[in-house]
Amino acid sequence: MRSKIFICCCTLPVLSLAQIDNAKDLDGRVTSRDGDVAATHVLNTTTQRATITDLNGFFDIPVHLNDTLIFSAVQFKKKQIVITQSIYDSKMLVVPLEDELTELEEVVVTPYNLSGDITKDLLSLEIEPVVTASTLNLPNAYVRVPTKAERELYEATSGGGLIPVTPILNAISGRTKMLKKRLARNKLYDRTLRVREFYADSLYRTKLHIPEANTDDFFYYCEIDPSFQSIVDTHDLFKIWEFLERKSIVYLENNDID
């Protein structure tokens, strides 16, 4: 009996450590019809770990098998996902969210003397001139504002003094590597958005036969192809479309989509 108790006492810590070791940082992206996916809350209810999505809907969060993730935001219906083996093994989890619609019974446009017909109302409105840095000829009017990811990377890799303590600590902790990965991912996603603006959304369904619900996943499939960046940077719409056609055939076969 004592030997059995001893074996159990030795085994339980090992099993606990194994469960911890099986944790992985899951990369994902939240999508919606209007693209307003920034600051969506992602909660792992099993471990009580949480994060929020960035401006493009990307997030990463530690998970184990069978953990439960809750996605919530004011503008979306709450969504729950259980981490299955296929999700755990995937490189990117794409989570489409459904808009939370609030219907108004009545809209009152008085006392502004509006008819509700925008073509008529625009003629009666007094529109003041737009004032911007460029219209005022300010010296920094055309300076590009760094993105949040670029600012965070700059802060993590810069530091004063003889010994730059902050960059060293960020390099050791892996924060610098993580921020560089996030910046590269955002630039790749921005390139994808430019491609999607080249063609009408209907073409992906009618010509490439990609279902509307799979459009975001299809473009992520294109993004991870090493040749995607160089082809997009040519700005040749025919070459880009030929690339999308080739990738769509393989994508449909791999996902058993008719």
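Buried means under 20% relative accessible area. Keep that cut-off in mind, because aspartate 27 has a relative accessibility of 14% and therefore counts as buried. The model discussed here is predicted.

Start with the charged pairs. The structure holds four salt bridges. Aspartate 27 makes one of them, with lysine 181 as its partner. The closest N and O atoms of this pair are 3.1 Å apart. Aspartate 27 sits in strand E1, and lysine 181 sits in helix H6, which covers residues 175-198. The two are 154 residues apart, so this bridge links distant parts of the chain.

Next, follow the chain past E1. Strand E1 spans 24-31, strand E2 spans 41-44, and a loop containing aspartate 36 lies between them. Arginine 33 is in the loop between E1 and E2 too. The side chain of arginine 33 meets that of glutamate 212 in a salt bridge, at 3.2 Å from N to O. Glutamate 212 comes from another loop, the one between helix H7 (201-206) and helix H8 (215-223). Here the partners are 179 residues apart, and again the pair links distant parts of the chain. How accessible are the two ends? Glutamate 212, at 46% relative accessibility, counts as partly exposed. Arginine 33 counts as exposed, because its value is 73% and the exposed class begins over 50%.

Which residues does aspartate 36 touch, leaving aside its neighbours within four places in sequence? The contacts are Gln75 and Phe76. Aspartate 36 and glutamine 75 are 39 residues apart in sequence, yet their C-alpha atoms are 8.5 Å apart in space.

Aspartate 225 lies in the loop between H8 and H9. Lysine 247 forms a salt bridge with aspartate 225, with 2.9 Å between the closest N and O atoms. Lysine 247 belongs to helix H10 (residues 237-254), and helix H9 covers 228-233, so the bridge ties together parts that are 22 residues apart in sequence. Are these two partners buried or exposed? Lysine 247 is buried, with a relative accessible area of 14%. Aspartate 225 is buried as well, at 19%. Leaving aside neighbours within four places in sequence, aspartate 225 is in contact with Phe243 and Lys247.

Step back into H8 itself. This helix is mostly covered, with seven of its nine residues buried. Which elements each supply at least two residues of the lining? They are E1, strand E7 (93-96), H6, H7 and H8. By class, the lining has ten nonpolar, six polar and nine charged residues.

Definitions and conventions: Residues are numbered from 1 along each chain as its sequence is written. This is a predicted model: local features need pLDDT of at least 70, side-chain atom pairs count only at pLDDT 80 or more; totals for chains, interfaces and linings use all residues. Side-chain values use heavy atoms; hydrogens and water are left out. Helices (H or I, at least four residues) and strands (E, at least two) are DSSP runs, numbered from the N terminus. Contact means heavy atoms within 4.5 Å. Buried means under 20% relative accessible area, exposed over 50%, partly exposed in between (1.4 Å probe, protein chains only). Ala, Val, Leu, Ile, Met, Phe, Trp, Tyr, Cys and Pro count as nonpolar, Asp, Glu, Lys and Arg as charged, and the others, Gly among them, as polar.
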